[in-house]
Amino acid sequence: ELRALGYRVTVIAPSTRAADLRAGRRVLQRGEEADVIAVGPAVPISRRSRMGVPVGVRANLALALAEGRYDVVHGFEPALPSLSYLALRDTQALAVGTFFSPERLGYPPGRAQRARLLARLDALVAVSDEAAAAAALRFPGDYARISEGVDLELFAPGRKRQLIALEWRPTETQVARAAIRTMRELHGWELVLLRTKPLTARPYVPRALAGRVT
């Protein structure tokens with residue numbers, strides 16, 4: 001939406017894909033612009049993690065911020081050991097921090113570190129009153145409330161179904177066949193086989209399971 005209004009927007013993020021990381025390095029080395037810049041590998045962390053961001057990733061992030069000359073840096077869930085925390089702490093641009101979860105607020109652990117981050121934030125945003133109240137305990141300030149951007153009526157929980165979804169992979173045909181056989185014992189359940197590529201052959205579905213396997 002921002003791009004449609006004429007703004008230049010870059011997403012700086014980690015990635016688990018080698019191709020994304022190579023592309024990110026090329027962009028940084030050449031000083032080019034990009035819609036997305038992967039500056040380091042994605043690492044799963046818990047809300048109690050105390051791990052640091054690797055030096056190389058910090059350097060890539062600093063270079064991306066310097067080369068981008070951004071007017072606004074917007075960090076999501078900055079109270080985690082993350083790119084968002086570092087970007088908001090170190091940027092010279094206007095800084096906006098958005099908090100989504102009341103449970104992702106354990107970082108940084110020191111009061112002085114939190115004060116340093118808070119001093120850099122020009123705007124505080126939360127997607128719910130609960131998230132704002134929890135974040136305000138560690139990062140005091142006035143929080144603007146915004147929507148998560150999800151149509152709650154369209155995506156409201158529906159009627160619970162007895163439904164199994166299984167990806168049909170060419171290298172795992174035995175798994176899919178075993179799931180189909182198991183359906184004989186699961187009365188009232190349905191099975192949906194999903195494919196991400198065109199089928200070369202359709203799986204055999206016994207006539208007794210017709211209408212329950214899609």
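Which residue in β5 is the bridge partner of T98? In this predicted model, local features need pLDDT of at least 70 and side-chain atom pairs count only at pLDDT 80 or more, whereas totals for chains, interfaces and linings use all residues. Residues are numbered from 1 along each chain as its sequence is written, and side-chain values use heavy atoms, with hydrogens and water left out.

The bridge partner of T98 in β5 is V125. Strand β4 (residues 94-99) runs parallel to strand β5 (residues 123-126), and four bridges join them. Helices (H or I, at least four residues) and strands (E, at least two) are DSSP runs numbered from the N terminus; two strands pair if DSSP finds at least two bridges between them. Between β4 and β5 the chain passes through helix α4 (residues 111-120) in a right-handed β-α-β crossover, that is, a path from the first strand over the helix to the second that runs clockwise with the strands pointing away from the viewer.

Three bridges pair β5 with strand β6 (residues 143-145) in the parallel sense, and L124 has Y143 as its bridge partner in β6. The β-α-β crossover from β5 through helix α5 (residues 129-138) to β6 is also right-handed. Helix α5 lies across β4, β5 and β6 and runs at about 170° to β6 (axes are lines fitted to C-alpha atoms, for helices over the stretch in contact, with angles from 0 to 180 degrees between N-to-C directions; contact means heavy atoms within 4.5 Å).

β3 and β4 run parallel and are joined by five bridges, with V96 in β4 as the bridge partner of H74. The four strands form an open, parallel sheet in the order β3-β4-β5-β6. Because β3 (72-76) and β6 stand at the edges with a single partner strand each, one side of each is left without a neighbour in the sheet. On average, neighbouring strands of this sheet are turned by 25° against each other, direction ignored.
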